[in-house]
Amino acid sequence: MYAFSIDQSSKAELYRDLHAALDALTDGEPDAIANMANAAALISQYLPDLNWTGFYRMVGEALVVGPFLGKPACIRIALGDGVCGTAAKTRKTQLVDDVHAFPGHIACDAESRSELVVPIVHDDRLIGVLDLDSPSAARFDAQDAAGCEALMALLAPRIAG
């Protein structure tokens, strides 16, 4: 059993502690699905105001849902479609204050209002994306984007297979 002390007094402390916890959870574990599942659980437990936390894996030419916490999700997303597909195609983090204003948004959960999607790249190969949804508009900011990018940089070689 893992028990982590996560300081939530500031985002800097929160992401520092999440990074250390993710490192401890995934260090030495070769199974990508297990590592994504624990990462999703950790992020969901400690980041406030989320209604969906999980991964889409690059399988062939599309994103396919991976481990997540939340309501049932879209199974396949084409590159360039919605926020996740855009992040995958551009390999750039997508920080969306209002998903309903995002061109081509895919509404898997009508309660989601904002979204943060971080591409996961290892050795110049797209592995997938981390997808975070919130029922609050403008829930995510640049600190969240940078913190999640650092988490995915740590996780990428541990799920690259």
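**Cysteines**

I began with C84, which is buried at a relative accessible area of 5%. By buried I mean under 20% relative accessible area, with exposed over 50% and partly exposed in between, using a 1.4 Å probe and protein chains only. The model is a predicted one, in which local features need pLDDT of at least 70 and side-chain atom pairs count only at pLDDT 80 or more, while totals for chains, interfaces and linings use all residues. Residues are numbered from 1 along each chain as its sequence is written, and side-chain values use heavy atoms, with hydrogens and water left out.

I then looked up C148, which is buried with a relative accessible area of 0%. Its sulfur lies 13 Å from the closest cysteine sulfur, that of C84, which is too far for a bond. I counted 0 disulfides in the structure, a disulfide being a pair of cysteine sulfur atoms within 2.5 Å.

**Helix α4**

Helices (H or I, at least four residues) and strands (E, at least two) are DSSP runs, numbered from the N terminus. α4 covers residues 142-159, 18 residues in total, and spans 25 Å from its first C-alpha to its last, close to the expected 26 Å. The expected span is 1.5 Å times one less than the number of residues.

I noted a bend of about 25° at A153, with a proline, P157, following within four residues. The bend is the angle between axes fitted to the seven residues ending at a position and the seven starting there.

At the start of α4 I found a side-chain oxygen of D141 within 3.0 Å of the backbone nitrogen of Q143. Just after the helix, G161 has a positive phi of about 70°.

β4 (residues 94-96) runs antiparallel to β5 and is joined to it by 3 bridges; strands pair if DSSP finds at least two bridges between them. V96 has E115 in β5 as its bridge partner.

On β6, I found 9 bridges to β5, again antiparallel, with S114 opposite S134. The two strands form a hairpin with 2 residues between them, and D123 in the turn has a positive phi of about 50°.

**Strands β1 and β2**

β1 pairs with β6 in the antiparallel sense over 6 bridges, and R57 stands opposite G128 there. β1 also pairs with β2 (residues 62-70), antiparallel, over 7 bridges. I recorded L63 in β2 as the bridge partner of M58. The β1-β2 hairpin has 2 residues between the strands, and G60 takes a positive phi near 65°.

**Positive phi in loops**

Which residues other than glycine did I note with a positive phi? D49 has a phi near 65°, and R91 has one near 55°. D49 sits in the loop between α2 and β1 and is partly exposed at 35% relative accessibility. R91 sits in the loop between α3 (82-90) and β4 and is partly exposed, with a relative accessible area of 37%.

Definitions and conventions
Polar contact = N/O pair within 3.5 Å; in protein donor to acceptor, adjacent residues only side chain to side chain.
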